[in-house]
Amino acid sequence: MKGYYGQYGGQFVAETLIPALDELEEAFKAFKKNKAAKEELNRYLKDYAGRPTPLYLAKNLSNQLNINIYLKREDLLHSGAHKINNTLGQIILAKFMGKKRIIAETGAGQHGVATATAAALMGLECVIYMGEKDAERQRPNLLRMKLLGAEVRIVKKGSRTLKSAINEALRDWVKNIRTTHYLIGSVVGPYPFPQIVAYFQSVIGREARKQILSKQKSLPDAVIACVGGGSNAIGIFSGFLKDKTVKLYGVEAGGEGLELGKHSAALTKGRPGIMHGALSYLLQDDDGQVSLVHSISAGLDYPGVGPVHSFLKDSGRVKYGVCFDDEALEAFKMLSQLEGIIPALESSHALGYLIKNKEDFARKTVIVNLSGRGDKDLPILEGIYV
Ligand SMILES: Cc1ncc(COP(=O)(O)O)c(C=O)c1O
């Protein structure tokens, strides 16, 4: 069925949005066939964003853990995270559709910054919705968005995090559908968004596969990525999904513990439900209300997950686990001090999972997707380390 991964995905939206989703689907199909548009994107990815990103053998960390660890360095991209792959792609797609105004939601602020960056580059008007709680804990990114010329609308309703920001962005889109492209930042939302974002992030997996084959002459034993909505994870996994010998691990935020309200591990502790236009694993209470969630990292603090991951969980192709706040902080410190790389707290969850399960990965070759850099997290870390 169109727009589904097994039973997950779909378009659970108000009728007013269907024509916009149809228009987007058609434009995306045309984009994929359009040589000039794809060349334009590849040129910006290379000369502006800084692709290909290196695949770095982290020797000190490898020696410490007795694991052969490669880091896919998405943290080195312009604006600091993998999010720029998707925003450059969707901005060119929006131009292709003749849209003049871009709206987006943001949690950690990386997607907001990447959207504001690409909108500035292409000269499009840009409005970003951000929850009040996230705006407080990701101040550097709030300032960056404003400097880049975007209008940031702080959402004070609901959870005051990513979930509320998406609700407001969807409301804006319904009102301004003719002029506006809603640039979703992860593989969530109604079809065709999950497909579009996965397509623009698949460059991570394509590069990583080629790079490991060139460096090692063999495929890795495992690939690990953190999962918020799931875009960096599906981006790198897509390069290895068909390689049955490569084990894939998605790491969710275990927060302060696995009681409802203290974590955001939708795949580990949720059940199928509908939110933001799609059916997917979702954290809900006994009455089916979407639960409040927690993670030390704003980019993982989301009660749902992209439908593709729900499918990959049920099919058993990807194993999903959790990393708790304190384990992510420990990993953050370890990478900073052993390799001189300050990772985003989101990416620290992928590393934290590797560290706590190090016996299972002993002497294996593992690629960890380092989805972003940690500068944005300094306000959170200030209270802990300084
Ligand atoms: C650096 C970084 N990594 C990961 C994520 C999680 O998003 P996704 O699961 O879509 O990759 C975010 C989200 O803001 C992020 O900023």
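1. Lys247 lies in strand β10 (residues 247-255), where helices (H or I, at least four residues) and strands (E, at least two) are DSSP runs numbered from the N terminus. Lys247 is exposed, with a relative accessible area of 52%; buried means under 20% relative accessible area, exposed over 50%, and partly exposed in between (1.4 Å probe, protein chains only). Residues are numbered from 1 along each chain as its sequence is written. This is a predicted model, in which local features need pLDDT of at least 70 and side-chain atom pairs count only at pLDDT 80 or more, while totals for chains, interfaces and linings use all residues, and side-chain values use heavy atoms, with hydrogens and water left out.

2. On the surface, Lys247 gathers with Lys319, Arg363 and Lys364 in a patch of positive charge. Such patches are made of residues with over 30% relative accessible area and no salt bridge, like charges being joined within 9 Å and nonpolar side chains (Val, Leu, Ile, Met, Phe, Trp, Tyr) within 5 Å.

3. Strand β4 (residues 68-73) is mostly covered, since five of its six residues are buried. Strand β3 (residues 55-57) runs antiparallel to β4 and is joined to it by three bridges, with Tyr70 in β4 as the bridge partner of Leu57. With strand β14 (residues 365-370), β4 pairs in the parallel sense over six bridges, and there Lys72 stands opposite Asn369. Two strands are said to pair if DSSP finds at least two bridges between them.

4. The structure holds 25 salt bridges, a salt bridge being a side-chain nitrogen of Lys or Arg within 4 Å of a carboxyl oxygen of Asp or Glu. One of them joins the side chains of Lys35 and Glu39 (3.9 Å, N to O), and both residues lie in helix α2 (residues 35-49), four residues apart, which is about one turn of the helix. Lys35 counts as exposed at 63% relative accessibility, whereas Glu39 is partly exposed at 44%.

5. Glu40 forms a salt bridge with Lys95, the closest N and O atoms being 3.0 Å apart. Because Glu40 lies in helix α2 and Lys95 in helix α4 (residues 83-96), the pair ties together parts that are 55 residues apart in sequence. Glu40 is buried, with a relative accessible area of 17%, while Lys95 counts as partly exposed at 35%.

6. The side chains of Glu151 and Arg153 also meet in a salt bridge (2.7 Å, N to O). Glu151 is partly exposed at 39% relative accessibility, and Arg153 is partly exposed at 31%. Both belong to a network of salt bridges that also links Arg101, Glu125 and Asp172.

Terms used. Areas by Shrake-Rupley, 256 points an atom, 1.4 Å probe, with all protein chains shown as cover. Lys, Arg positive; Asp, Glu negative; His and termini not counted. Charge placed at Lys NZ, Arg CZ, Asp CG, Glu CD.
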